[in-house]
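Subject: Structure handover

Hello,

Please find the structure below. My notes on what turned up in it follow.

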Amino acid sequence: MRQVSKRVNPWTWCGLLVAALLVATLAPVSGAPAAPSPGGVLKVAIVAQPSILDPTKSISGISRVVLENVVDRLVRLDEKLKIQPELAVSWRTVSPTEYVFTLRRGVKFHDGTDFNARAVKAYFDHILDRRRNSPRLSNFTQVRDVHAVDDYTVRFLLSAPFAPFLTQLSEWGYMISATQLARSPETLAEKPAGTGPYRIDRWVRDDHVRLVRHRDYWEKGLPYLDEIVFQVIPEGTVRVTNLRTGQVHAADSIPARDVQTMKDDPKFKWTVVSSPGYRSFYLNTAAAPFGDRRLRQAFAHAVDREVLVKTVAFGFGVPAYGPIAPSHWAYARHFQPYKGSDPQKARALLAEAGRPNGFPFSVKMANNPEELRLVQAVQEQLRQVGMDLRIDAGEYVAKRSEVLRGAYDAFYAGFLGGPDPDSNTYDSFHSRGSFNWVKYNSPEVDRLLDAARTELVQEKRRQLYRLVEEILARDSPMIFIKFPYYETDGHVVLASVQDLVPIPQQRLLLKQVWLRK
Amino acid sequence: MLRYIGQRVALFIPTTLLLLFLVFALIYLIPGDPVEAMLAEQAGPELIARVRADLGLDQPLHLQFVHWLGKALRGNLGRSIRSEEPVGQALAKRQPGTREQALLATLVAVAIALPAGVISAVRRGQWADSISRIAALLGLSFPSFFLAIVLIYVFALGLRVLPPSGYRPFTEDPLQNLRFMIMPAVCLGMVMAAILSRMTRSSLLEVLGEDYIRTARAKGLSGRMVIYKHALKNALIPVVTIAGIQFGALLGGTVIIETIFALPGIGRLLIDNIRASDFPMVQGVVLFMALARLVINLATDLLYGWLDPRIRYG
């Protein structure tokens, strides 16, 4: 034996070792990815029930969690927020104001009727009809006309070029049965007939929504599960107990302290995506004290966002310096104009503005313990430079009403954002934007935002948004704090749940999900 | 007796009318504008104004009240702004859970309170009395939400004998229904038991001091006989009244327990809709809760009159 081993070349040993390692990695061992096994009931805990499931009326994020699995759109967003085909197999931009979509054939709605160009037209005619007061109207103000060219070709005509058009379609262009829309629109509230992988079987209010597999789903072999039950469990601790005892398979909005322990438990998987929304202080730029730009800049300099995210938010989030989020293609990672805090600069700005000893101001906000902790930490940071932040917390809707009336100094709130940078900027900072609560008015930003909306080349848009962010940092109408990725976009799931890919903004797409037996 | 019933019912009508007005006025006390609450993050001011007009919210207050009253008296409480669900239907659907919860909690309470109260009264000053009184004090001062979390930790997470939360209608699966209802019923029942056992104790002690009890004892009746046959019956009148009132209150739902145990009930319906400023729903729920109280109070008044002639003719 010794002689034999002596004759073996050292390179051969190395080769054998590499081969052994390769075999070891490629060999199917337990725990390695297995083929999906169909069947089973997936139970998902949700914080509140959907208010309404009618896609032409729903506005809540929870409704979207359910609808995502029931209703398809012409195009969809993937986990990287990129546009992918769904009910449209392809599309072309004939001109900046004309899009032509070729539709998928052989697709059936849950009520058995066919999906075709007429259904697309019927949906858009419905939501664009002003008398119906659909909130979808504001999502598609640029759509002038929808024309069914033939059974499987649709032409959209826009009144002006609109770069986020495809993203808007993926967000709000839910395709529902034209028959249901025409004959029984009142049934849409509880059971919209879409073409999605699951159809709504039963909705017991305040308790659960049950979805069952759509047998005629267009994507062959999918979905895997027989049923999905969205169980309403409002209390955080109770959601965790339901997960721990296996009563539900997945839950979101897990209290931070439980996430810490569950992350290390092999029984659970923690999935997280970065949300395109942000948390920020809205400053009323139309009135004293924040009518003075120097005082807003002083605020921006006095806050240390990294410390806030690390300590108060338990690291669940990314410090924010502008409105464009890490999940956006236009996000500039190194754009951190107010990184760290600079109390000296803040004091200098206060002195320059004639307030060397600081000034008092009130912050309106929702009475929410986690948010309060964060604002209290900011309060402490501002105190270092003499700014006296007074908290005015109360019922969210009531506080927001005061903000909408302009009766406020500052307002701390979250913004859900949208998948296109336009959703995070236009309405909030354009002088004609519908949510310009800070009353910001900059002709320069208006011009840039208009240009970014009509420019179709992504690289050019990126540059435009970069300029917008720079001006916003200079003018500081809003003090951005963080891009959260904890509250709504993080899920804890049992290890038996396979292939769950969370998509930002509560898009919990479950058609590819299966349960390991 | 008829005159007495007439008087009570005559009082009931103006009270109900006043109630209807208060409930209507309530929407102006809910913070925030309902249409704004619904749409502010999705739509501009133009759409908000249009929806307000559609809901008739732009009309003068008195016209809105007359309109609402007309419909409410015909049993039409309108529709939810958010979900478009008819308010009456929403109430009807949440009723069984709340009713069952109230009933089971009362049963739990009576089952604990009666023996505890009787033992406490009969063994006055002894250790059994002290234990019962301390337990009652604990029951009163222990917050029910905390008890709920403790029960969930012990029975759902630790022993794994009960599901942590949820609901199944009794008609669908009675056994599963009871498994879901037992923890909420115990949570609510404990507080009620504390009140009732103290009530039973003091009421029984009072009765045991009466002359007719001494007579019964003098006749040579056994202690047990005296307590169960003569004393308890009379002592229970105020206890039954309190239990009835408590039951009426529970029929209005319990916000905290329903939220913790994820029970679809009246309390959660109320709180969710207050948060959303969905005023037709809030009006409907409050009206229901108040009417339930009024009806129970009326029934108690009538029952009292029947039980105790002094009240009828007083």
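**Aromatic pairs in chain A**

Phe415(A) has a relative accessible area of 18% and is therefore buried (buried means under 20% relative accessible area, exposed over 50%, partly exposed in between, with a 1.4 Å probe and protein chains only). This is a predicted model, in which local features need pLDDT of at least 70 and side-chain atom pairs count only at pLDDT 80 or more, while totals for chains, interfaces and linings use all residues. Residues are numbered from 1 along each chain as its sequence is written, chains are lettered from A and ligands numbered from 1 in the order in which they are written, and side-chain values use heavy atoms, with hydrogens and water left out.

The whole structure holds 31 aromatic pairs over all chains. Rings of Phe, Tyr and Trp (its six-membered ring) pair if their centres lie within 6.5 Å; planes under 30 degrees apart count as stacked, over 60 as edge-to-face and the rest as tilted. Tyr278(A) and Phe415(A) form a tilted pair, because their ring centres are 5.2 Å apart and their planes at 35°. That pair links distant parts of the chain, with Tyr278(A) in strand β13 (residues 278-283) and Phe415(A) in strand β17 (residues 410-415) of chain A, 137 residues apart. Helices (H or I, at least four residues) and strands (E, at least two) are DSSP runs, numbered from the N terminus. Tyr278(A) is buried, at 0% relative accessibility.

The rings of Trp329(A) and Tyr465(A) have centres 6.4 Å apart and planes at 65°, so this pair is edge-to-face. Trp329(A) is in the loop between β14 (317-319) and α11 (343-352) of chain A, and Tyr465(A) is in helix α16 (residues 458-475) of chain A, 136 residues apart. Trp329(A) is partly exposed at 22% relative accessibility, whereas Tyr465(A) is buried at 1%.

Ring pairs also join Trp91(A), Tyr99(A), Phe101(A), Tyr123(A), Phe124(A), Phe140(A), Phe156(A) and Phe165(A) into a cluster.

**Charges over rings**

The charged end of Arg205(A) sits over the ring of Trp203(A), 4.1 Å from its centre (the criterion is NZ of Lys or CZ of Arg within 6 Å of the ring centre and within 35 degrees of the ring normal). Arg453(A) lies over the face of Tyr426(A), 3.5 Å from the ring centre.

Regards
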